[in-house]
Each structure stands twice: as C-alpha cells, then as structure tokens.
Amino acid sequence: MFGYYIDIAVRSLRRNKVLTALMILTLAMGIGASITTLTVLKLLSGDPIPQKSARLFYPQIDPNTLDGYVADKTKPDTIMTYTDAMSLLHAHRAKRQAVMALTQAKIVPQHANDHPYFTDGVMTTADFFGMFDVPFQYGGSWTADDDESRAPLVVIADFLNEKMFGGGNSVGKIIRINDHDFRIVGVLKHWAPQPRFYTQGLAGRDYGDGDAVFMPLQTARSMDMGPQDTECFASVTDVQHLETAPCEWVGLWVELDDSAAVAQYKSFLDGYVRQQINLGRFKRSDTALLDVMGWLSDQQVVPDDAKLQVYLAFGFLLICVVNTVGLLLAKCLRRSREIGVRRALGATRGAIFTQFMVEAGIVGLTGGLLGLVLAELGLLGVRHEPAEYASLAYLDIEMFLLTFVVALVASLIAGLLPAWRACVMAPAPQLKAA
Amino acid sequence: MQIRPILAALRHHKAGTLLIALQIALTLAIVCNALFIIHERLTRLSQPSGIDEPNLLVIHNGWAGKPQEGEIASLMASDLDTLRKIPGVADVYATNTYPLNNVGIAYGIGHSPDKLKPVTTTAIYLADENALPTLGLKLIAGRNFRPDEIGQIGLHGDTDPSAIIVTSALAKLLFPDGSAVGKVAYISAKPSTIVGVVERMRTPWVDSSLAKWADCSTLIPYRPLTSASQYVVRVQPGQLENVTRHVRAMLYAANRMRVISPKDGVQTFADIRAIAYNSDRGMAILMSAISTILLIITGAGIVGLTSFWVGQRRKQIGVRRALGATRHDILSYFLTENLLIGVGGVVMGGVLAIALNMWLMKQFEMDKLAPGYVLAGVVTLLLLGQGAVLAPALRASNVPPVEATRSV
C-alpha cells in the first residue's frame, strides 16, 4: 500500500513541476541555512573536554580595592596575581592543580637559513597535562620538582614536532625558544580543545589550533617571557618583577572529583580570602568556583553573531514552512475531484490523509537532500572566512542525520493542514461537479 | 471597487488567505529587523579611523637574537632610516599599535594623580615627531612633539610623559570649557601637559562594547624598545603596491636577525580594515542575502497561490465577464484582493517586527528599531505583493466570457 502511495505522490508531484520545484527549493534553502548556522553554533558552544568538564574548576578571587565595589553584585576577577595563584597551588587542596599564562614564544629554527617565527606558548605547571588529559605521543610531562628548580624543559605540540624534527621521537632534543635552549621532555598527540577553555581570561584565542610549546612557568619567567595579558590594580613602578607586582596575569585550574571536594575547596578558597583580608592584602571577599561549561558561559565565549545567525536561519525556515503549507494546500485543493473519485471508490479518510502526508514527506526528503548540499556549500563558505574557528566547520554525522529529521518534521508539519483538508472533503459534490 | 464581494470570496479561502497574510507578516518582521542590523553594521564599518588609510602600511617587526634595549634603539634607528630611503616612502615612525589593530594599552586619564577617579579611559599610542605627518593627523590646536621630547621605553619602563597630544573628543571631555592646550592631565603619577590637540584618531579597538570612548586617544612621546614593534609607513600617492611588495625583502637585506611574518608581517590599511570589520561585513552580507531570498520566496508563494485561485475561479470570471465586467475590473479585483491580504499581513507583521526587535534587544546589544525600517518594510512587501499578483491577475483578466458557458 505504501508503495502505491509513493507512486501516486510522485505522479502528482511530476504533474506540476514548477510548483514542486518551488516547494523543494524553498524548503532546501531553509534547511540549508538552519543546518549551516547550527553546525557553527554547535562547534562554538561545544564541551571542549567532555569526559572531565564537570570535574575541572576555575577558582576566582578578587584583590581589587573597594573602589566601584558593590557587595554581592561585583564578580571576582577573571585572573589572579602570581602570589595568590602560587599559594593556592602549593596548598595542594585539590586532586590536581595548575597555574597558567600565555606567551608568544619565538622559535629559532635549526637551519641557519630559516627565519625565526612566533608561536603560541603556554607557561604552566606540571599538573597541566594530567589534569587536562593531554595526550602524549612521546615522552611525558615535567615534574613539580622541575617547576621549582626552573628546569629548561619543554613539551611541544605534534605540528611543531613535525615542522622542526620531521615528526620523529624528538624527546631529549634541544629547541631554542626566545634565545634560550630548552630540552624536549614530551611531544603531544594532536590536542586542540574547542573552545580553548584554559585560555579564557588570559587574552588568548578562543578557537583554532592548539598551542605549540608548553614550558614550566617559573623557568619561562626567569627567562623574561611575558604574559599576554596583565591587569594591575594599583600604581606600578616595576613591571619587570611581575611575581611581586600588584598585577594579575595568571589563571588557576583545579581538578575536584565530587561535590564534597568542590564544597571543601570552595570553603578553603573563602578561608584563604578571609585570611588575606585579615592580613590587609585583600578588601573584597567574593570568590567563585565555576566548572568548565560554567566558566565558558560566564566568559560568553560564543560570539553573539553566531547565535543571531541561528535565530535568523530558523526564522527563515519557519517562513519556508509556511510557504510550503500554502503551496501544498493549493495543490491539494486543485485535486479535489481526484480525491472525490478515490473516496467514492472506497478509499478511507485515513488512506487519503496518509497519501498526502507521503507526498509532503517526499517533498521534505528531497528538500533535505538538497538542503544538505546547500549546507555543505554554506560550510565551505564559512571555512573560507578568516575566523578563528573557520577550519573546524565540518558537518558531523549527528548534524547529517539532524538535517533529515528537520526536513522530514518541517515537511510533515507543512503537510498536516493540506492532508487534513483533503481527507475531510465530502466526495459527493466533487463528483457532481465533474 | 467594491470590497465586500472580495471579502465574501476570501471567506471561502480562509486557510489560503491566512497563510499568505502570515507569510507576509513573518517576512516583514524578519526583513525589517535584518535591514536594521545591516544598517547598524554598515555604520560601524564606515566609521573613519581619523588617519590617512589609503597611503599607509604597517610592518610588524620582531627582533631575533635577544638584543638588549640599547641595541634595539640603534637597530630601530637604522630600520627607520632604511625605510625612509626606499623610493616611494614619504614618512615612517615606530609605535606599539595603530587604529583598527584591536590590540593596545588603555589607561584612565583624569585631573589627579591617583587613578581612582579618571574622567574617561583613553587608548595610548606611542609616537614620535613623525607620527602626525605619517598618519596624516590634523593638528587643530597647539603643536607637534619636538624631537628632543621623544623618550624611549622598553618592556618594563614607566610611561610618565611630560608632554602628550590628545584627540579633540578627549580634550572636550577633559576640559569642557575652553582650550586644553597647555593644561595638565594625569595618565600616571606625574603630570602631563597637553601640547597639542588632533582632530580625530580612533582607539585600536573596533568592538562596540568599547564604543563609549572610541575617539579618546592619547599620543605619548616614546619610541618602543620592545622585541616586537610596528613600523607605520606613509607612501607617496600611488606607491602603496610597489612599496608593500618590496619592503619586507629590503628590511631583511639590511638586517637578517628579525621576524616579519610572510603571511601578515606587512599589511596595508585596506587589509587591516578588512580584518578588523570582517564579522560585521559578513553579517551585513548574510542579512542582505537572507532578506533577498525571503522576499523572493514570499513573492513566489503569492504567485503560486494566486495562480491556483485564478485557475479555480475561471468559470466565475467568465460569468462576470459575460455579465459585463471589463478586463480592467477583473484585474483590479485580484489586485485589490491581494492588497487587502497584504494590509492584514503587514499590520500583523509590524507588531511582530517590534516584538522581535524587543526580544533581540534583550538577547544582544542592539538598539531600538527605528520606525522608518518598519515603514520601508511595509511598502516593500505591499509592492512585492502587487508585483507578484500581477501575472496571475493578468491571466485572469484574459479569461474569455465564453468560459461561462463551458462545462456547466
């Protein structure tokens, strides 16, 4: 029976080619636009570290003066002073903890003829790799002792290893960064979480390639590498010694396994701030401890324009559906005689209804298929944009399936009214008119 | 034209009528908000930076081999010399940043040395005596920096200039009554005398959230002795392409120990502007495309549904023609019918447009929709409806009276 419905539907659609083409094209454009924008939004608002995002937390405290402070209404600062971050790090109150800042690392190539170039560098402490599940290809992390002894060690990314050493096991080799020699202790597998949650607040890029080099924070600082962002809350005369200046320039991440540990850490953090207030270092008592997704939404990492585009695309799809309802309705009313004849020959209302829904479904699936092509074209366009996330804009299997679900649902909703109108039509007047 | 018979006929096509009206309403709501966003973005795009963009290019230079600050001073001096000798180069200076760069330093500026109560925030541009002529800034009061005023600043030095040049917007904020020249303002613990006022120079940031002080810039007399700095080069008219092509090789020929990225180490201001406003331009293009497609779809929908109505009513049209109605009567019947539906649609759409705008205002930083946009949208959609209905209506008016006698 279903085959028969499909046969009738195809015949009917072919009878009026222009109208059919118009319906399919409209639906396809609506679907293409929606899937393109939704893919981009999904990419931008994804969980960068799904297996662990609920167990990683970003402590925030506030060393600012009371100027402009409104109790309970002022958010604590996004980054910390070195002094506070190191005190919290050395307290070891979380399972793992790491302090980090970003820097521009100048790499001097091995061949004398090549020009040096800048890459993205992370200055951090030993727990960074274990805490963020950073995968190693060769070697591993440096240790906490290396941090304290300011050992000139470095972990490099796969792409840098490829570029410098042809991709082989380069552990133990020397690489020259900012005119100092570093010994490679680890080479990463491809690692580029999107969005780059650990760079938020530190003035890094939000999306795109991973960082190229990871150096012990104290080592890098002893070689005078500066952080990307420095925010000072008091007059500063000496920014050379950022470690002691009243300036914030590092972020701290901690790993906490369960809600009890989170509560414990929060009270530890509050206690630390109270202690600093008593010492006269701090004036404000606010603290925060957000997990990865909470921190990303707090930082509003997803650009507004991406959201606006999704709303726009779905508004567009809505109009396309309304348009398809109108056109399907027109087609259906034009066929009242045919329906009358079929009803008179014994077709039930259900049969007529099903047949029209099948017709709408065919329009939807064809529209979806064409919409998929349009979405691929749209994403191709996005990839040619000079945005940070451009190179990541690909349709995944989930969005691929969603395209057809959206297409089918949209077309079936569009088909409901015409199909209902067709099946409630009284057969007798239609037959008489014929 | 009698409206009542049209309304009576429409009552028999409730679903179709409502669908067309709904489509017009939704299209109006989206299109006039889209037009509004396009206008907003285009306004942002066309904001002048205050500098002579067509004749400027920027070189991003980093030093290799970790030279000391003293060495950087002489390296930079010889670089500026090299650049000045390139044929086609008119002027050059070294700085930390420039308008549209999206990177820079911002300080509070005010009337007292403690920084707790600044008048406003200002962008800080490092400049020397060549900065004004290079950028093409118009000095409207006071004087330029003198060569002997230019200090040098490394990565960690203090910025406490005794002389500064400010933009007219900043001067007005600091000293609302009277000239700012010769007066003192504080960006550090030490007083800085305003020696000159330039007409306009935007801050390095284009983000709309910083728009409040986008024209508040301060030039301070320092040369940057950091391991990475920017050379802003002014070329003689018509020489931009030529200089852009050769400048990187010439700097490398003068001194190999440097980093100038082959990708974006040398940029013209056309490139810089394109990058700075890329997302705004993309949004404007996308909005225009979607609006156009929406109007086409709505038009096509009206053509489709009206064609069907005409086909369905051929017999009635024939009867009316046989009873003496002229072609013009039939044509104006369908045009009026469409106008009635259209008016219903745009009334509904106007309300939807304002509701949508209010919702968008809550979600994003956006202004209130100006009534002109709704009006423009209403006119566009009514005209579109009349245009779309014209072909089917003409076909209807061509139905011969003899149709009345067929298949009765």
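Is A:Gln275 buried or exposed, and how many other C-beta atoms lie within 10 Å? A:Gln275 is exposed, because 12 other C-beta atoms lie within 10 Å; a residue counts as exposed at 12 or fewer such atoms, as buried at 20 or more and as partly exposed in between, with C-beta atoms placed from the backbone.

The model is predicted: local features need pLDDT of at least 70 and side-chain atom pairs count only at pLDDT 80 or more, while totals for chains, interfaces and linings use all residues. Residues are numbered from 1 along each chain as its sequence is written, and chains are lettered from A and ligands numbered from 1 in the order in which they are written.

A:Gln275 belongs to helix H8 of chain A, residues 259-279. Its C-alpha is 10.0 Å from that of A:Ser285, at a sequence separation of 10 residues.

Chain A contains 14 helices and 12 strands, defined as DSSP runs numbered from the N terminus (helices H or I, at least four residues; strands E, at least two). Of its 434 residues, 43% are buried. Along the principal axes, the C-alpha atoms of chain A fill a box of roughly 100 × 60 × 35 Å.

In chain B, domain 1 (4-45 + 279-405) and domain 2 (65-256) are assigned, with bounds from an automatic or database domain assignment. The C-alpha centres of these two domains of chain B are 55 Å apart.
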